[in-house]
Number of protein chains: 2
Amino acid sequence: MRKLESRSFRFDGDKIWILDQKLLPQEKQWIDVTDPAAMVLAIQKLQVRGAPLIGVAAAVCLARQVEKGLPEKDFRKTAELLREARPTAVNLMVAIDRLLQFADRKFNMRQIVEATERIFSEDVELCEKIARNGEELVADGDGILTHCNTGGLATAGVGTAIGIIQRAQQNGKKIHVYVDETRPLLQGGRLTAWEMKELNIPHTLICDNMAAIMMREGRVQKVIVGCDRIALNGDFANKVGTYGLAILAHYHKIPFYVAGPYTTIDPNCQSGAEIPIEERKPEEVRGVSGAFGEALWAPVECPVRNPAFDVTPADLVSAWILDKQVLYPEDIKSGGLLACMPL
Amino acid sequence: MRKLESRSFRFDGDKIWILDQKLLPQEKQWIDVTDPAAMVLAIQKLQVRGAPLIGVAAAVCLARQVEKGLPEKDFRKTAELLREARPTAVNLMVAIDRLLQFADRKFNMRQIVEATERIFSEDVELCEKIARNGEELVADGDGILTHCNTGGLATAGVGTAIGIIQRAQQNGKKIHVYVDETRPLLQGGRLTAWEMKELNIPHTLICDNMAAIMMREGRVQKVIVGCDRIALNGDFANKVGTYGLAILAHYHKIPFYVAGPYTTIDPNCQSGAEIPIEERKPEEVRGVSGAFGEALWAPVECPVRNPAFDVTPADLVSAWILDKQVLYPEDIKSGGLLACMPL
């Protein structure tokens with residue numbers, strides 16, 4: 001397999017490395033996730049994260065095993081192990097399924113490696129296309145509110161929502177980004193705030209519960225978020241808090257956009273009700289933990305809910321920004337999402 | 001002045017003590033705030049907090065100074081110092097203004113002390129009445145979502161929103177409370193979660209951005225919050241995040257109630273637009289800090305907005321639960337809030 005490199009992912013020709021996103025931005029530590037068990041753990045712990053990137057990373061991990069002589073009889077088992085690391089983002093299943101077509105009689109190392117290289121380079125291209133399509137929706141002077149982290153750390157390319165924002169600024173549009181901190185794992189407060197600074201994009205960090213007052217004050221002209229799975233009716237899963245933001249945007253009559261590559265569309269999912277939502281450990285809500293330190297403020301045994309995602313219904317979405325094109329509600333109703341998938 | 005005691009406030013006949021709410025629930029430390037400068041600092045640092053309680057505490061502090069011989073010529077200056085400690089909650093201004101009527105020619109130590117003792121005991125009674133009035137709106141089996149902390153720590157009595165919840169449970173209604181953690185200062189995750197446990201009320205702690213999915217799942221039948229200032233048109237200020245919750249409740253057709261004593265009504269404030277909103281230090285948003293430890297996850301110089309409160313417009317409120325009675329939107333329109341104030 002050829003060498004592969006993105007902002008937080010690297011295949012050096014021998015080993016697979018990820019930039020540990022649990023430790024960012026305080027520590028920049030690359031960890032070896034060549035072994036499938038290590039990759040699964042890294043995905044579960046969000047050391048590697050972002051719906052598109054976990055698909056790419058898992059595929060590279062599987063292909064590397066094949067290259068290193070994984071017997072044909074173990075291929076499916078290893079693939080399933082990786083495929084099941086996290087339940088909500090469909091990109092992981094899509095990427096592994098693309099390699100699973102080589103299971104059984106079609107098992108061919110060269111073809112598996114080539115397919116994986118395509119998965120990687122395709123994700124880079126998909127990001128570019130999303131950025132180009134979405135950029136057209138951004139106006140000079142816009143305040144844009146975003147949630148979680150959807151840039152170069154979350155994909156093999158420039159990202160989805162952040163890719164759009166970055167492209168808009170590159171095209172000379174003056175943008176101000178409102179960064180939701182995104183409890184409990186603080187992907188906004190840690191990662192997006194840091195990336196905005198690195199990219200020199202003017203920004204303001206807020207707690208998630210301040211989004212409404214920012215909208216009320218007239219500071220937000222667009223909300224743009226990424227996604228982890230899009231159902232055929234346009235409902236989509238994304239980081240918990242997205243659904244609430246969509247309601248707030250609707251109330252304030254602010255356009256609400258979701259951005260993602262076609263690999264995020266689940267053709268087997270008719271509506272959001274079918275998307276499984278990962279429930280994570282209560283400790284994440286009782287406090288915080290990372291390279292920045294650890295703090296537990298809630299009573300130790302405090303009962304907690306911790307859904308990692310929520311589902312935003314299609315009727316709250318102004319447009320779906322895909323690599324192929326921007327879809328509007330009427331497009332969704334006429335099967336536009338399926339038409340955005342490759343034949 | 002007679003001895004005074006509530007859950008987090010104490011006058012022992014000599015000194016004034018508060019239970020440091022920045023350290024709860026990890027540490028229970030009473031601190032001496034007899035000196036007005038110490039009281040101002042404790043109010044600003046949220047060591048003593050809750051709109052009703054800061055009014056009571058500041059009044060007791062002022063009266064104690066008078067008792068200890070504060071010269072008449074310094075009375076107004078000390079009163080103003082206390083009155084300006086925080087800008088949003090009007091109870092502070094109301095309580096101090098009640099003592100300021102004794103400024104100048106009416107200066108009388110005995111009367112100031114008696115008025116202060118009445119402010120304290122009245123707050124206890126107001127809480128009881130709010131609890132009784134609000135309890136009638138709660139149904140057996142309700143899931144109730146609340147924000148920030150509005151119980152025995154925040155008032156001289158049983159609290160406002162939490163007082164209602166507690167009374168409903170005492171009256172045999174089965175209640176489940178969803179506790180918003182309430183970033184940035186975590187009054188929900190630290191204080192309300194702890195109080196629910198102490199009061200044996202079944203509860204679930206969530207991050208603020210999970211309120212929408214809890215509503216979507218049908219777990220929330222009522223939202224009840226406290227308030228820091230109510231304008232005559234029914235708009236009210238409360239802990240940041242309240243406005244967003246009101247929109248979410250509206251979208252999900254869930255009743256949204258605000259509870260507070262008449263001392264929270266500002267008769268000089270026609271609408272929410274006139275309520276000053278305190279903007280606090282950026283450090284609070286860049287991380288967390290308390291007896292539980294300290295953690296800074298955002299870039300050190302990251303630009304931040306940190307409004308401590310937001311304003312919820314009256315048209316999102318189902319009812320205002322006051323000590324005198326429950327007001328509905330039609331009551332508000334016919335001047336009901338003014339009619340809830342003593343003559």
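Reply: **The start of helix H5 in chain B**

Where H5(B) begins, a side-chain oxygen of Asn108(B) comes to within 3.0 Å of the backbone nitrogen of Arg110(B). The model is predicted, so local features need pLDDT of at least 70 and side-chain atom pairs count only at pLDDT 80 or more, while totals for chains, interfaces and linings use all residues. Residues are numbered from 1 along each chain as its sequence is written, chains are lettered from A and ligands numbered from 1 in the order in which they are written, and side-chain values use heavy atoms, with hydrogens and water left out.

Helix H5 of chain B covers residues 109-135, and its 27 residues should span 39 Å at 1.5 Å a residue, which agrees with the 39 Å between its end C-alpha atoms. The expected span is 1.5 Å times one less than the number of residues, and helices (H or I, at least four residues) and strands (E, at least two) are DSSP runs numbered from the N terminus.

Because Lys173(B) lies in the loop between helix H6 (161-170) and strand S6 (176-180) of chain B, while Glu135(B) lies in helix H5, the pair ties together parts that are 38 residues apart in sequence. Over all chains, the whole structure holds 40 salt bridges.

Four salt bridges are found across the interface of chain B and chain A, and Glu181(A) and Arg183(B) meet in a salt bridge of 2.6 Å, N to O. At this interface, 54 residues of chain B are in contact with 54 residues of chain A, where contact means heavy atoms within 4.5 Å. The two chains bury about 4300 Å² between them, 68% of it on carbon and sulfur atoms; buried area is the accessible area (1.4 Å probe) that two parts lose on being put together, summed over both. Of the area that chain B buries against chain A, Asn209(B), Trp297(B) and Arg305(B) supply 18%, more than any other three residues.

Chain B can be laid on chain A by a turn of 180 degrees and a shift of 0.0 Å along the axis, with an RMSD of 0.0 Å, when the copies are superposed by least squares on the C-alpha atoms of residues with pLDDT of at least 70 in both. The two copies are therefore related as by a two-fold rotation axis, and the same surface serves both, since 100% of the contact residues of chain B recur in chain A.

The loops deserve a look as well. Leu24(B) and Pro25(B) are joined by a cis peptide bond with omega about -5 degrees, and Pro25(B) lies in the loop between strand S3 (16-19) and strand S4 (30-32) of chain B. In chain A, the peptide bond from Arg183(A) to Pro184(A) is cis, with omega near 5 degrees.

Definitions and conventions: A salt bridge is a side-chain nitrogen of Lys or Arg within 4 Å of a carboxyl oxygen of Asp or Glu. A polar contact is a pair of N or O atoms within 3.5 Å; within protein, one must be able to donate a hydrogen and the other to accept it, and residues adjacent in sequence count only if both atoms are side-chain atoms.
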